[in-house]
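Colleague: I would like a close look at a single part of this model. Please keep it brisk.

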Amino acid sequence: MANYCREQNKKFLFVITPNKNSLYAENMPNTGISNPRQDAQRLHKALSDRQVAYLDLFALFDGQAETLYFAHDSHWNSKGAALAADAINDALGKPSHYFRDPFSTTAPHQ
């Protein structure tokens, strides 16, 4: 896909997105599944070796003081989506400021 995009003179970005249990493992049961961060690091190396542009959101999400996922769901909340969108847009040379915009408190996702 990266090569095809290059041939079309387009940008390609592979995004490594952390799932909720890889950031907040202390809240998840021990399933014996492989270490998601270690898996992401191996993928990062493989992409780098192949000169594929990538963005790893682990550090970005890890650096936030609040949880950026719904409490009873594995999806990003609005702030998490805004943070990811800004990082992806920035990496593609199209800066955005969704995360800096004010967020209103809404009822929890059911």
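Is F61 buried or exposed, and what is its relative accessible area?

Modeller: This is a predicted model. F61 is buried, because its relative accessible area is 1% and the cut-off for buried is under 20%. Now its surroundings. Leaving out residues up to four places away in sequence, F61 touches P18, L23, L68, Y69, W76, G80, L83 and A84.

Next, the core. The largest nonpolar core has 19 residues, and F61 is among the three that touch the most other members, with L23 and L57. Helix α5 supplies the largest share, three residues. In soluble globular proteins, nonpolar side chains tend to be buried together.

Now the rings. A search of the whole structure finds two aromatic pairs. In the pair of F61 and Y69, the ring centres are 6.1 Å apart and the planes stand at 55 degrees, so this pair is tilted. W76, one of the contacts of F61, joins F61 and Y69 in one aromatic cluster.

One charged residue in α5 also deserves a look. D86 lies in that helix. D86 is buried, yet it has no salt bridge. The nearest side chain of opposite charge is R100, 6.7 Å away, whereas a salt bridge needs a nitrogen within 4 Å of a carboxyl oxygen. Apart from neighbours within four places in sequence, D86 contacts S96, H97, Y98, F99 and R100.

Key: Residues are numbered from 1 along each chain as its sequence is written. This is a predicted model: local features need pLDDT of at least 70, side-chain atom pairs count only at pLDDT 80 or more; totals for chains, interfaces and linings use all residues. Side-chain values use heavy atoms; hydrogens and water are left out. A nonpolar core is a set of buried Ala, Val, Leu, Ile, Met, Phe, Trp, Tyr and Cys residues joined through side-chain atoms within 4.5 Å. Buried means under 20% relative accessible area, exposed over 50%, partly exposed in between (1.4 Å probe, protein chains only). Helices (H or I, at least four residues) and strands (E, at least two) are DSSP runs, numbered from the N terminus. Contact means heavy atoms within 4.5 Å. Rings of Phe, Tyr and Trp (its six-membered ring) pair if their centres lie within 6.5 Å; planes under 30 degrees apart count as stacked, over 60 as edge-to-face and the rest as tilted. Lys and Arg count as positive and Asp and Glu as negative; His and the chain ends are not counted.
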